[in-house]
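Here are my notes on the model you sent. Keep the structure open while you read; the points go from the sheets to the metal site and then to the cores.

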Amino acid sequence: MTDIILKNFELLDPEIGELKSGYEILISGGEIKKVVKGKIKYRKANVYDLSSCTLMPGLIDCHVHVTSLKLRWAMNSLQQILPSYATAITLDKLRRCVLRGFTTVRDTAGADVGHREIMRSGLFPGPRLFVSGRAISQTGGHADMRSRVDHSDPCNCFHMIGSLSGGMGRIADGIAEVRRAVRDEIRLGVDQIKVMASGGVGSPADPIHFLQYSMEELSAIVEEAERADTYAMAHAYTSAAISRALKAGVRTIEHGNFIDEETANFMVEKKAYLVPTLVAYHMISKHGKELGYPEESIAKNKNVLKIGANSLKIAKEAGVKIAFGTDLMGELDIYQSDEFIIRSKILTNAEVIRSATIVGAEVLRMEGRLGIITPGAFADLIVVEGNPLEDLNLLTGQGKYLAAIMKDGQFLKNNFKKL
Ligand code: ZN
Ligand code: ZN
């Protein structure tokens, strides 16, 4: 692979939230080798003049579900469609995701190591994937998709791809079962463990405020994850659910819409991350009905939407680290970048960009490698026609304001000619 030099751009540094002029960067072997103020000397390289556009790190979304194919089947796509067909749709979703500028995503239930490796191989375009396999859920928890009239026994089908929740979750109750479930996901090579620690919107039998799992079970899940050198993230909406998860040692809190000040302070104390997913509630409310989302879930969604972006306000004031997440199921994934706009009502543009770069990298435990343009980082970059620190709309529109997208040193989109 020939080295690449990029010149004539404004460098967006998410850490300080400013543009820096007069830099050039050298990319070699998929990595950023040099970031130099002034000119880089070279013998042989492909050189691109970025015509004063903004160069910034590729975006990171810490909460997606790339195997959720239709909103109507939100949590159980694989019960509705053959895995072969599902994979094709998922690959198309991943392609469109990277073209929006997301060069890394953390799948928070559904995607497996196969998906991650396809992305790694470069065989199909898409973001880097950090996968969770199947989320661990108690009976009647957020990944138990049986309705209240369903008396079937889930016991024998956990290991099948078309399992109870269609590949998105697995049910485990009691210390022994949760340990086995986590160990099994780790055996299957996941990057992190997802646990359902409260009721949720998309599941039929558990109101949002339900607290899921005993403290002993939650602690066992975290312990198994940590012994395998990873961490647990928890789906949790209320302060009570968040505090329990934190006490058990969970590192990232997903959603967290009903967080209060006290719990936000506890998050800071525990050095935990909050991954709000506000766009999901907006889009379910706008498009849920027409896309066949179940009525009881639309009703639950209304309650979550009501609290608005309160969680952002409270978390920001307490100093909680906030990462970028979207949680858009099925066809709603096209609204992924609208989360930027929703957040900008509460946070500054620089804070929003930081959440989708540097903080995202911290969540993934990839500081210095992702979400930053520095020597030694992966060459995951986007080139924006304008300054997103002034106008976050430049990150919306399905990538139409992105003049170039690079992952691993390879252009996935490039409107510039070689000099
Ligand atoms: Zn969730
Ligand atoms: Zn989710």
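Predicted model: local features only at pLDDT ≥ 70, side-chain atom pairs only at ≥ 80, totals over all residues.

1. Look at the pair S8 and S9 next. Strand S9 covers residues 102–107 and runs parallel to S8, with four bridges between them. Val-64 of this pair stands opposite Asp-107 in S9.

2. A sheet with mixed pairing is also present. Six strands form this open sheet, in the order S3-S2-S7-S18-S19-S20. The twist averages 25 degrees from one strand to the next.

3. With S2 (residues 10–13), S7 (residues 54–57) pairs in the parallel sense over two bridges. Glu-10 stands opposite Thr-54, and Leu-11 stands opposite Leu-55. With S18 (residues 381–384), S7 runs antiparallel, joined by four bridges. Leu-55 turns up again here: its bridge partner in S18 is Val-383. As background, strands of a sheet pair through backbone hydrogen bonds, either parallel or antiparallel.

4. Now the metal site. Which residues coordinate the zinc ion (ligand 2)? They are His-63 through NE2, His-65 through NE2 and Asp-327 through OD, at 2.0 to 2.2 Å. Along the chain these donors follow the spacing H-x1-H-x261-D. The zinc ion (ligand 1) lies 3.6 Å from the zinc ion (ligand 2).

5. His-63 has 0%, so His-63 is buried. His-65 has 5%, so His-65 counts as buried too.

6. The largest nonpolar core has 93 residues. Ile-253, Met-267, Phe-340 and Leu-395 touch the most other members. Helix H7 (residues 278–287) gives the most to this core, with six residues. In soluble globular proteins, nonpolar side chains tend to be buried together.

7. Met-267 is worth a click. Leaving out residues up to four places away in sequence, Met-267 touches Ile-242, Leu-246, Ile-253, Ile-259, Ala-272, Tyr-273, Leu-274 and Val-320. One of these, Ile-253, is itself listed with Met-267 among the core members that touch the most others.

8. A second, separate core holds 21 residues. Among them are Tyr-23, Ala-379, Val-383 and Ala-404. Val-383 is the S18 residue that bridges to Leu-55.

9. Last, the chain as a whole. The protein chain has 12 helices and 20 strands. Its C-alpha trace spans about 70 × 45 × 45 Å along the principal axes. Why does the radius of gyration fit a compact globule? Because a compact globule of 419 residues would be near 22 Å, and the protein chain has 21 Å, which agrees. Buried residues make up 59% of the chain. Of the contacts with a separation of 6 or more, 70% join residues 24 or more positions apart.

Methods. Residues numbered from 1 in each chain as written. Chains lettered and ligands numbered in written order. Heavy atoms only, no water. Pairing = 2+ DSSP bridges. Axes fitted to C-alpha atoms, helices over the stretch in contact; angles between N-to-C directions. Core = buried A, V, L, I, M, F, W, Y, C linked by side-chain atoms within 4.5 Å. Buried < 20%, exposed > 50% of the residue type's maximum accessible area, 1.4 Å probe, protein only. Contact = heavy atoms within 4.5 Å. Donors = N, O, S within 2.8 Å, 3.2 Å for Na, K, Ca; no water. Rg over C-alpha atoms; globule rule 2.2 N^0.38 Å.
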